Amino acid sequence: MTSPADVPSLTPNQVNALVVLMAEARRLTNVELRELAGFALTGKDNEKLVKLGLVETDRTHRPFAHELTDVGWRVVRQLHTSAPPKQGGSATRSMFTVLSNLHRSLDRLRVSHGDFFKQNDGATPAATMPDSAAPAAGDVETLVRAAYRDLANAPGAWVGLADVRDRLANTDRTTVDATLRAMVGREDVRIIPVANTKSLTARDRAAAVRIGNEDNHALAIGPA
């Protein structure tokens, strides 16, 4: 669960780079960035985003190419919770308004940012697959564990169920809930409610899984 405090201080150009990389949902060269957004990601802007672990830059050949990391995706999804850079002016403030409304709409639709922006590769969307193609419970547990590994900083670290559900947006919610309830019985799995309910966002509440008489919001897999 990302909070405003988790969003680093960024320049307008760094923010723009993250947003364009999110919107394209693919690796972009500096040539493509210039064509799409009017700038290339170079110098201190590039260095800071790489140092923060938000962007991966391929410098093995020119033009350099850039892509969001998993951490980058998490941060760009939460940019709207932070204050826009003061030096960005009205254009940057307007973009933050768009990002806030985008987040609210995708949350209502239960569609992740990654799925919304991903390039169409011609594959059949999971939502249109016949029932016979739906994953079995064991497969869903594998998907949950894979999503957790991508999101967690270390084994046993707490991860918000909202972020896990983003990764499983094309998987039936009822099946995911049943899988999470079954996983509670696993020795290495913990699923708990957040004690400070005031810290929960609408997204966190919507992603909760009901176990017993409680809504649970966080998942940890691995050593306690």
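This is a predicted model: local features need pLDDT of at least 70, side-chain atom pairs count only at pLDDT 80 or more; totals for chains, interfaces and linings use all residues.
## Helix H1

Helix H1 covers residues 12-24, and at 1.5 Å a residue its 13 residues should span 18 Å, which agrees with the 18 Å that separates its end C-alpha atoms.

Ten of the 13 residues of H1 are buried, so the helix is largely enclosed by the rest of the structure. The buried residues are Pro 12, Gln 14, Val 15, Ala 17, Leu 18, Val 19, Val 20, Leu 21, Met 22 and Glu 24. Just after H1 comes Ala 25, which takes a positive phi of about 50°.

## Packing of H1 against H5

Two packed helices are described by the angle between their axes and by the distance between those axes. For H1 and helix H5 (residues 89-109), the axes come within 11 Å and cross at roughly 35°, and the crossing is left-handed.

On the H1 side the contact is made by Pro 12, Val 15, Asn 16, Val 19 and Met 22, while H5 contributes Thr 92, Met 95, Phe 96, Leu 99 and Leu 102. By residue class, the contact of H1 with H5 divides into eight nonpolar and two polar residues, with no charged ones. Pro 12, Val 15, Val 19 and Met 22 of H1, which take part in this contact, are also among the buried residues of the helix.

## His 103 in H5

His 103 also belongs to helix H5, and its relative accessibility of 12% lies under the 20% limit, so this residue counts as buried. When neighbours within four places in sequence are left aside, His 103 is in contact with Arg 77, Gln 78, His 80, His 113 and Arg 203.

## The aromatic pair

The count of aromatic pairs comes to one. The pair is formed by Phe 116 and Phe 117, whose ring centres are 5.0 Å apart and whose planes stand at 85°, an angle over the 60 degrees required, so the arrangement is edge-to-face.

The two partners fall into separate accessibility classes: Phe 116, at 46% relative accessibility, counts as partly exposed, whereas Phe 117, with a relative accessible area of 16%, is buried.

## The protein as a whole

The protein contains ten helices and eight strands, and of its 224 residues 42% count as buried. Among contacts between residues at least 6 apart in sequence, 66% join residues that are at least 24 apart.

Key. Residues are numbered from 1 along each chain as its sequence is written. Side-chain values use heavy atoms; hydrogens and water are left out. Helices (H or I, at least four residues) and strands (E, at least two) are DSSP runs, numbered from the N terminus. The expected span of a helix is 1.5 Å times one less than its number of residues. Buried means under 20% relative accessible area, exposed over 50%, partly exposed in between (1.4 Å probe, protein chains only). Rings of Phe, Tyr and Trp (its six-membered ring) pair if their centres lie within 6.5 Å; planes under 30 degrees apart count as stacked, over 60 as edge-to-face and the rest as tilted. Axes are lines fitted to C-alpha atoms, for helices over the stretch in contact, and angles run from 0 to 180 degrees between N-to-C directions. A crossing is left-handed if the near helix is turned anticlockwise from the far one by less than a right angle, and right-handed if clockwise. Contact means heavy atoms within 4.5 Å. Ala, Val, Leu, Ile, Met, Phe, Trp, Tyr, Cys and Pro count as nonpolar, Asp, Glu, Lys and Arg as charged, and the others, Gly among them, as polar.
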